[in-house]
Amino acid sequence: MKHLIPEFEQWKKRFPPGFDSAMVMLCVRRIQDDRGFVADSDVGELAAYLGVPRIQIEEVLSYYTQFRRKPIGRWHVQTCRNVTCSMRGAEKLIDHLAKKIGVAPGNTTADGRFTLSTVECLGSCGTAPVVMVNDTYHENMSIEKLDELLEGLK
Ligand code: FES
């Protein structure tokens with residue numbers, strides 16, 4: 001994380017003095033973009049750098065599902081399982097994905113190709129069910145569309 005500090009220093013200039021704690025989200029996002037996940041060592045280093053309690057960073061990381069605490073596969077397949085998506089067949093999609101990819105939600109394949117996750121509401125309920133692969137939304141999903149999508153993920 002230390003190599004990102006010059007960048008963080010630039011951001012700090014945009015905040016009023018004494019508001020370093022407001023940078024937690026920005027910094028953890030940048031760390032994740034850099035490393036692919038936020039390691040325990042990053043949390044400690046960031047807490048020391050910003051002068052905030054470690055718990056403040058842990059709270060952000062545990063609340064927002066987009067933050068990852070361990071390495072993930074090349075393709076991160078996240079399926080919404082909240083009410084609207086569930087009513088429109090998300091459970092079947094999740095079961096299908098687990099069977100097809102070969103791991104249960106929350107796990108990564110041994111070859112590092114896929115990580116399968118479930119999330120609560122991707123904010124696109126009007127196009128449920130929704131599956132997100134890395135940063136791309138795939139809406140109005142069906143088993144057939146899912147199979148087609150997986151075929152394209154090499
Ligand atoms: S419930 Fe799935 S996107 Fe909102």
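Is the crossing of α2 and α4 left-handed or right-handed? I opened this predicted model with that in mind. I found the crossing of α2 and α4 to be right-handed.

**Entry: the helix pair.** I noted α2 at residues 24-35 and α4 at residues 54-63. Two packed helices are described by the angle between their axes and the distance between the axes. Here I read an angle of about 65° and axes 10 Å apart. Next I looked up the residues that meet. From α2 come Val-24, Met-25 and Val-28. From α4 come Gln-56, Ile-57, Val-60 and Leu-61. I sorted this contact of α2 with α4 by class: six residues are nonpolar, one is polar and none is charged.

**Entry: domains.** I checked how the chain is divided. Domain 1 covers 2-63, and domain 2 covers 75-151. Their centres, taken over C-alpha atoms, are 29 Å apart.

**Entry: cores.** I turned to buried nonpolar residues. In soluble globular proteins, nonpolar side chains tend to be buried together. The largest nonpolar core has 17 residues. Which of its residues touch the most other members? I listed Val-77, Leu-93, Leu-97, Val-130 and Val-131. The largest share, five residues, is from α6.

I then followed Val-130. Beyond its neighbours within four places in sequence, Val-130 is in contact with residues including Cys-80, Cys-85, Leu-122 and Tyr-137. His-138, Glu-139 and Met-141 are also among the contacts of Val-130.

Last, I logged a second, separate core of eight residues. Cys-27, Val-28, Ile-31 and Val-38 are among them. I had already met Val-28 in the contact of α2 with α4.

Notes: Residues are numbered from 1 along each chain as its sequence is written. This is a predicted model: local features need pLDDT of at least 70, side-chain atom pairs count only at pLDDT 80 or more; totals for chains, interfaces and linings use all residues. Domain bounds come from an automatic or database domain assignment. Axes are lines fitted to C-alpha atoms, for helices over the stretch in contact, and angles run from 0 to 180 degrees between N-to-C directions. Helices (H or I, at least four residues) and strands (E, at least two) are DSSP runs, numbered from the N terminus. A crossing is left-handed if the near helix is turned anticlockwise from the far one by less than a right angle, and right-handed if clockwise. Two residues are in contact if their C-beta atoms, placed from the backbone, lie within 7 Å. Ala, Val, Leu, Ile, Met, Phe, Trp, Tyr, Cys and Pro count as nonpolar, Asp, Glu, Lys and Arg as charged, and the others, Gly among them, as polar. A nonpolar core is a set of buried Ala, Val, Leu, Ile, Met, Phe, Trp, Tyr and Cys residues joined through C-beta atoms within 7 Å. A residue is buried if 20 or more other C-beta atoms lie within 10 Å of its own, exposed if 12 or fewer, and partly exposed in between; C-beta atoms are placed from the backbone.
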